[in-house]
Amino acid sequence: MRAVVTGGSGYFGNVLCESLVAEGHDVVNLDISPVELPGVLFAECDIRDRVGVRKAFEGADVVFHNVAQVPLARDPELFDSVNREGTAAMLWAAQRAGVHKVVYTSSSAVFGVPASNPVTEQTPPHPLEAYGRAKLDGELLCQAAVTRGLDVTIIRPRTIVGHGRLGIFAILFDWVADGVDVLVFDGGHNRYQFVHAADLADACVRAGQRPGPATYNIGAQDFGTMRETLQALCDHAGTGAGVRSVSSRLAAPAMKVASRSGLAPFADYHWLMYARELWFDTTAAQRDLGWHAQFSNAQMICEAYDWFLEHRGEVGLAGPSHHRSGVKQGVLSVLKRGLRVAPTRTVGGGDDG
């Protein structure tokens with residue numbers, strides 16, 4: 001098939017393009033940032049340019065829509081113009097270009113803090129911040145397009161991890177590599193699910209080959225608590241870093257202030273969710289798509305850490321996407337120095353703070 005990947009220059013877009021090429025498909029990357037990908041044609045176009053997007057979509061069988069401003073952008077106007085208006089332009093162009101199938105990559109942020117877990121496709125969305133609201137608006141636009149005859153499947157991933165994944169993870173990996181304790185809230189007993197980029201790409205490709213509109217939640221099938229995942233990383237690294245617990249009553253408001261003042265790279269989603277539980281039931285994707293996750297939380301975060309170590313000297317702050325570049329630590333660099341010299345009060349399963 002001929003596939004167009006919007007946002008193919010971003011972290012997950014790269015992985016998806018590579019997966020499609022590996023399966024023998026003709027692939028076009030529609031993006032504003034040129035990136036060389038073997039076997040992939042590049043079409044430079046802003047997703048909000050309806051005429052340009054329509055032209056790029058001519059002859060496409062499937063469009064995988066991944067263009068988005070992520071939470072790290074912290075820009076509600078961009079969330080509105082790129083995530084919402086860009087999705088509307090993409091759907092308009094796909095319908096007029098005669099695209100057979102659209103796969104829209106949404107986000108678990110549409111659920112905010114769910115009332116209960118696991119979250120299923122029937123769980124009512126309830127986003128709590130601007131990014132989640134914009135991604136939900138994208139879903140609603142997709143559902144409206146279905147009523148006009150466009151075949152659209154919505155894929156909702158949990159937090160994406162894998163080799164080459166940086167963004168906020170670059171701070172975590174930097175601390176662990178330097179033997180500095182990493183922090184969890186309230187013992188870190190909240191179950192928290194990730195998804196490997198390769199597993200997500202597999203789900204998207206399968207969805208692109210399945211006719212008929214649908215919605216699927218995608219996440220790891222082998223995962224545990226936040227503490228367990230981070231402890232697995234610290235054990236793997238062997239640098240002396242451990243897991244230290246702090247009170248969310250103190251830390252979450254501090255993260256919020258640091259984020260909104262520009263002193264730290266957190267987005268609203270980070271301080272809202274770090275101590276919360278959110279995990280998907282992936283039964284529908286397994287049943288309909290024949291999809292199964294290959295990576296556990298621990299495996300994927302250790303793989304991403306190993307990639308970071310190998311490329312640490314190359315990691316910069318300017319890349320084609322937030323998830324493919326590092327971030328400035330800001331005030332966190334001061335906290336890192338303090339934790340490096342302070343005695344470790346909790347490593348492993350204890351619950352101080």
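Predicted model: local features only at pLDDT ≥ 70, side-chain atom pairs only at ≥ 80, totals over all residues.
Figure 1. Ser-108 touches Pro-157, Arg-158, Tyr-269, Leu-278 and Phe-280, leaving aside residues up to four places away in sequence. The residue belongs to the loop that runs between strand S5 (101-105) and helix H4 (130-147). With a relative accessible area of 3%, Ser-108 is buried.

**Figure 2. Strand S10 and its pairing with strand S6.** Strand S6 (residues 152-157) and S10 run parallel and are joined by five bridges. Within this pairing, Ile-155 has Tyr-216 of S10 as its bridge partner. Strand S10 (residues 214-218) is mostly covered, since four of its five residues are buried. In a regular strand, side chains alternate between the two faces of the sheet.

**Figure 3. Strand S1 and its pairing with strand S2.** Strand S1 (residues 2-6) is mostly covered, with four of its five residues buried. Strand S2 (residues 26-31) runs parallel to S1, and five bridges join the two strands. In this pairing, Thr-6 stands opposite Leu-30 of S2.

**Figure 4. Packing of helix H1 against helix H6.** Two packed helices are described by the angle between their axes and the distance between the axes. For helix H1 (residues 11-22) and helix H6 (residues 197-208), the axes come within 9 Å and cross at roughly 60 degrees. This angle makes H1 oblique to H6. The crossing of the two helices, H1 and H6, is right-handed. On the H1 side, the contact involves Tyr-11, Phe-12, Val-15, Leu-16, Ser-19 and Leu-20; these meet Ala-197, Ala-198, Leu-200, Ala-201, Cys-204 and Val-205 of H6. By class, the contact of H1 with H6 comprises eleven nonpolar residues, one polar residue and no charged residues. An α-helix has 3.6 residues a turn, so residues three or four places apart point the same way.

**Figure 5. Surroundings of Gly-162.** Gly-162 lies in the loop between strand S7 (159-161) and helix H5 (169-177). The residue is buried, and its relative accessible area is 0%. Leaving aside residues up to four places away in sequence, Gly-162 touches Tyr-11, His-196, Met-300, Glu-303 and Ala-304. Among these, Tyr-11 is also one of the H1 residues that meet H6. Gly-162 and Ser-261 are separated by 99 residues in sequence and, from C-alpha to C-alpha, by 30 Å in space.

**Figure 6. Helix H5 and the glycine that follows.** Helix H5 is mostly covered: nine of its nine residues are buried. The buried residues of H5 are Phe-169, Ala-170, Ile-171, Leu-172, Phe-173, Asp-174, Trp-175, Val-176 and Ala-177. Just after H5, Gly-179 adopts a positive phi of about 75 degrees.

Figure 7. Most residues other than glycine have a negative phi. Asp-186 counts as partly exposed because its relative accessibility is 42%, which falls between the limits of under 20% for buried and over 50% for exposed.

How values were computed:
Residues numbered from 1 in each chain as written. Heavy atoms only, no water. Axes fitted to C-alpha atoms, helices over the stretch in contact; angles between N-to-C directions. Parallel < 35°, antiparallel > 145°, perpendicular 65-115°, else oblique. Left-handed = near helix turned anticlockwise from the far one by under 90°. Contact = heavy atoms within 4.5 Å. Nonpolar A, V, L, I, M, F, W, Y, C, P; charged D, E, K, R; others polar. Buried < 20%, exposed > 50% of the residue type's maximum accessible area, 1.4 Å probe, protein only. Pairing = 2+ DSSP bridges.
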